Amino acid sequence: MDAMMQACQKAIGCMLFEGVEQAQAMQLLQTFAQLQTFEKGQIIYSPGHYQHSLGIIVRGRAVVEKECGVLLNDLGAGQCFGAAALFVPQDQYVTTVRAKTGCSILFFASLFYKPVLHLICRLAK
């Protein structure tokens with residue numbers, strides 16, 4: 001099984017897919033998500049470097065911090081971040097997301113996320 005397929009199977013546990021059939025969630029993930037890996041300590045998002053995407057952690061851990069280093073959240077597999085970047089037209093991200101361990105993340109770009117969110121809401125009913 002390839003890395004993308006394994007990542008998609010792990011991402012199905014994310015709260016975004018509650019109530020969505022596994023086969024439908026897999027199809028959405030394989031069609032619209034992109035897998036990226038990060039080494040321990042690597043910056044995933046920062047105020048000057050981010051994408052308008054929602055990230056779902058499928059392996060490892062990441063921390064969300066304010067600029068002054070204040071820990072806001074410690075995220076693990078199945079958790080997501082970056083929702084604010086999808087809906088706010090700012091040119092800067094307000095926090096830093098850093099890989100606490102080596103991690104793999106599936107990203108939904110804003111171009112795809114809005115139609116995918118609409119479809120997930122319909123499928124979960």
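**Figure 1. The side chains of R61 and D74 form a salt bridge, 3.0 Å from N to O.** The model is predicted, so local features need pLDDT of at least 70 and side-chain atom pairs count only at pLDDT 80 or more, while totals for chains, interfaces and linings use all residues. Residues are numbered from 1 along each chain as its sequence is written, and side-chain values use heavy atoms, with hydrogens and water left out. A salt bridge means a side-chain nitrogen of Lys or Arg within 4 Å of a carboxyl oxygen of Asp or Glu. The pair R61 and D74 links distant parts of the chain, 13 residues apart. R61 sits in the loop between β3 and β4, and D74 in strand β5. Helices (H or I, at least four residues) and strands (E, at least two) are DSSP runs, numbered from the N terminus. R61 counts as partly exposed because its relative accessibility is 34%. D74 also counts as partly exposed, at 25%. Buried means under 20% relative accessible area, exposed means over 50%, and partly exposed lies in between (1.4 Å probe, protein chains only).

**Figure 2. D74 also forms a salt bridge with K100.** Their closest N and O atoms are 2.6 Å apart. D74 is in strand β5 and K100 in the loop between β7 and β8, so the pair ties together parts that are 26 residues apart in sequence. K100 is partly exposed, with a relative accessible area of 37%. Together, R61, D74 and K100 are linked in a network of salt bridges. Side chains of opposite charge can pair when their charged atoms come close. The structure holds three salt bridges.

**Figure 3. E65 pairs with R98 in a salt bridge.** The closest N and O atoms of the two are 2.8 Å apart. E65 lies in strand β4 and R98 in strand β7, 33 residues apart. Is E65 buried or exposed? E65 counts as buried, because its relative accessibility is 16%. R98 counts as partly exposed, at 26%. Around E65, contacts (heavy atoms within 4.5 Å) include V70, L71, L72, T95 and T96.

**Figure 4. Four strands make an open sheet in the order β2-β7-β4-β5.** The pairing is antiparallel. Two strands pair if DSSP finds at least two bridges between them. At the edges stand β2 (43-45) and β5 (71-75), each with a single partner strand, so one side of each has no neighbour in the sheet. From one strand to the next, the twist averages 25°. Axes here are lines fitted to C-alpha atoms, for helices over the stretch in contact, and angles run from 0 to 180 degrees between N-to-C directions. Strands β4 (residues 62-65) and β7 (residues 96-99) are joined by four bridges.

**Figure 5. Helix α1 (residues 3-11) has A7, C8 and A11 buried.** These residues cover an arc of only 100° around the axis, which puts them on the same side of α1. The arc is that of the directions from the helix axis to the C-beta atoms. An α-helix has 3.6 residues a turn, so residues three or four places apart point the same way. What do the buried residues of α1 pack against? They pack against α2 (22-32), β1 (33-38), β3 (53-59) and β8 (103-109).

**Figure 6. Helix α2 has A25, M26, L28 and L29 buried.** Their arc is only 165° around the axis, which puts them on the same side of α2. On the other side of α2, A23, Q27 and T31 are exposed.
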